[in-house]
Amino acid sequence: MTRRPRPVGASLLLGCAGLELATFPLLRPTLLGVQGLSGTAALLLAAALIGCAWQLWTRPATAARTGTAAVLLGLLSYPLANLGGFLIGMLLALTGGSLALAWRSTEDDAPPAPSRG
């Protein structure tokens, strides 16, 4: 089994988590003012999760930091954004962040070069 040079699964799950969190507040943007802090928090968390997905896709070397941020954002989505997007967005964010934390690049798996001396 060959490893991919990018954490594709983690990026896709984080992108889906961000889209899911943003869907409910944006279904009726005219009611965004009525939704108040919960709607605003959901949109900010969604933007941050989509940013994490983009960061993982473009800079896979930062997978550990980005995965940690994604897990924290997923946990924050539970109290701040409609129970984490009705639990679906939170679970997607936690799973994607965990995959990013567990991902290692192919360079990490290569054996060290023999030293001459």
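I first looked up helix α1 (residues 8–27) and helix α6 (residues 88–102), which pack at an angle of about 160 degrees with their axes 8 Å apart. Axes are lines fitted to C-alpha atoms, for helices over the stretch in contact, and angles run from 0 to 180 degrees between N-to-C directions. Helices (H or I, at least four residues) are DSSP runs, numbered from the N terminus. I therefore recorded α1 and α6 as roughly antiparallel to each other (angles over 145 degrees). Their crossing is left-handed, that is, the near helix is turned anticlockwise from the far one by less than a right angle.

I noted the basis of these entries. The model is predicted, so local features need pLDDT of at least 70 and side-chain atom pairs count only at pLDDT 80 or more, while totals for chains, interfaces and linings use all residues. Residues are numbered from 1 along each chain as its sequence is written, and side-chain values use heavy atoms, with hydrogens and water left out.

I then listed the contact (heavy atoms within 4.5 Å) between α1 and α6. Gly-9, Ala-10, Leu-13, Leu-14, Cys-16, Ala-17, Glu-20 and Leu-21 of α1 meet Ile-88, Gly-89, Leu-92, Ala-93, Thr-95, Gly-96, Gly-97, Leu-99 and Ala-100 of α6. By class, I found eleven nonpolar, five polar and one charged residues there. Ala, Val, Leu, Ile, Met, Phe, Trp, Tyr, Cys and Pro count as nonpolar, Asp, Glu, Lys and Arg as charged, and the others, Gly among them, as polar.

Next I examined helix α3 (residues 37–58) and helix α4 (residues 63–80), whose axes come within 10 Å and cross at roughly 165 degrees. α3 passes α4 in a left-handed crossing. The residues in contact include Leu-45, Leu-49 and Cys-52 of α3 and Ala-70, Leu-73 and Ser-77 of α4.

I checked the cysteines and found zero disulfides in the structure (pairs of cysteine sulfur atoms within 2.5 Å). Cys-16 is partly exposed at 41% relative accessibility, whereas Cys-52 is buried at 10%. Buried means under 20% relative accessible area, exposed over 50%, and partly exposed in between (1.4 Å probe, protein chains only).

Finally I looked up Leu-21, which lies in helix α1. Leu-21 is buried, with a relative accessible area of 3%. Leaving aside neighbours within four places in sequence, Leu-21 is in contact with residues including Ala-42, Leu-45, Leu-49, Ser-77 and Gly-89. I also noted that the C-alpha atoms of Leu-21 and Leu-43, 22 residues apart along the chain, are separated by 7.0 Å.

Conventions
Helix = DSSP H or I, 4+ residues; strand = E, 2+ residues; numbered from the N terminus. Parallel < 35°, antiparallel > 145°, perpendicular 65-115°, else oblique.
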